[in-house]
Amino acid sequence: MKRILKPITYFLAAVYFLVDAVFMAVARPISAWLARHFEFKRLRAWIRSLPPYPSLALFSVPVLILEPIKPVAAYLVATGQFLSGMVAFVGCELLKLVLVERLFHLTRDKLMRIPAFAWAYGKFTEMRAWLQATEAWRAIRSLSHAAKDSVARVRARLAESFSRPVTSRD
């Protein structure tokens with residue numbers, strides 16, 4: 001039984017981390033943009049002043065509030081409300097990741113003082129490193145870079161065509 005469950009577990013973990021990585025690729029730029037455009041100095045100072053365990057409690061709030069929306073989104077999709085379900089899922093997942101990423105950035109040092117959190121984070125980084133070392137991950141990254149390059153070339157061509165002066169042939 002263990003031989004059967006182990007590959008299934010690895011597959012499910014890989015899918016989870018892959019989806020998470022795709023969402024993080026979108027969430028990180030949003031998070032960076034928010035950090036550049038909104039100065040929450042007092043809030044940031046308060047968050048940084050928290051001891052380790054209250055930091056952990058605050059860190060878990062977005063997960064506890066937004067994670068239950070996934071089954072609601074699945075229900076919406078299953079009942080034929082595909083667009084509503086997908087918007088709920090994508091919107092809440094991005095919001096959760098942005099909030100968690102910002103909170104982790106602010107409280108990382110304090111969270112690492114909690115032995116169980118440090119252990120779990122170590123396992124998370126090991127799993128992420130394993131996933132990124134797989135051939136499938138490298139292939140997807142290669143396709144992603146190729147797609148980004150193609151989009152950049154198309155944008156450059158469009159920008160060039162719009163920047164040329166219009167000449168009349170009359």
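This is a short talk on the fold, surface and a few residues of one predicted chain.

First, the ground rules. The model is predicted, so local features need pLDDT of at least 70, side-chain atom pairs count only at pLDDT 80 or more, and totals for chains, interfaces and linings use all residues. Residues are numbered from 1 along each chain as its sequence is written, and side-chain values use heavy atoms, with hydrogens and water left out.

Now the fold. The chain has seven helices and zero strands. Helices here are DSSP runs of H or I with at least four residues, strands are runs of E with at least two, and both are numbered from the N terminus. In sequence order the pattern reads α-α-α-α-α-α-α. The radius of gyration is 21 Å, well over the 15 Å that the globule rule gives for 170 residues, so the chain is more spread out than a compact globule. That radius is taken over C-alpha atoms, and the rule is 2.2 Å times the number of residues to the power 0.38. Along the principal axes, the C-alpha trace spans about 75 × 50 × 40 Å.

Next, contacts and surface. Contact means heavy atoms within 4.5 Å. Take the contacts with a separation of 6 or more: residues 24 or more positions apart account for 70% of them. Buried residues make up 22% of the 170. Buried means under 20% relative accessible area, exposed means over 50%, and partly exposed is in between, with a 1.4 Å probe and protein chains only. The chain exposes about 12700 Å², and carbon and sulfur atoms supply 68% of that area. The areas come from the Shrake-Rupley method with a 1.4 Å probe; for residues, only the protein chains shown count as cover.

Charges, briefly. There are 25 positive and 11 negative charges, and their mean positions are 5 Å apart. Lys and Arg count as positive, Asp and Glu as negative; His and the chain ends are not counted. Each charge is placed at NZ of Lys, CZ of Arg, CG of Asp or CD of Glu.

Aromatics. How many aromatic pairs does a search of the whole structure find? Five. Rings of Phe, Tyr and Trp (its six-membered ring) pair if their centres lie within 6.5 Å; planes under 30 degrees apart are stacked, over 60 edge-to-face, and the rest tilted. One cluster is formed by F59, F104, F117, Y121 and F124.

Now single residues. Start with G85, in helix 5, residues 82-111. Is G85 buried or exposed? G85 counts as buried, at 0% relative accessibility. Beyond four places in sequence, G85 touches A73, L76 and V77. K41 is 44 residues away along the chain, and the two C-alpha atoms are separated by 35 Å.

V77 belongs to helix 4, residues 69-78. V77 is partly exposed at 31%. Apart from neighbours within four places, V77 is in contact with F82, G85 and M86. From V77 to A152, 75 residues apart in the chain, the C-alpha separation is 34 Å.

Back in helix 5, we have V87. V87 is exposed, at 54% relative accessibility. The C-alpha atoms of V87 and R48 are 33 Å apart.

Last, V63, in helix 3, residues 52-66. V63 is partly exposed at 33%. Which residues does V63 touch, not counting those up to four places away in sequence? P68, K96 and V100. The C-alpha atoms of V63 and L5 are separated by 27 Å.
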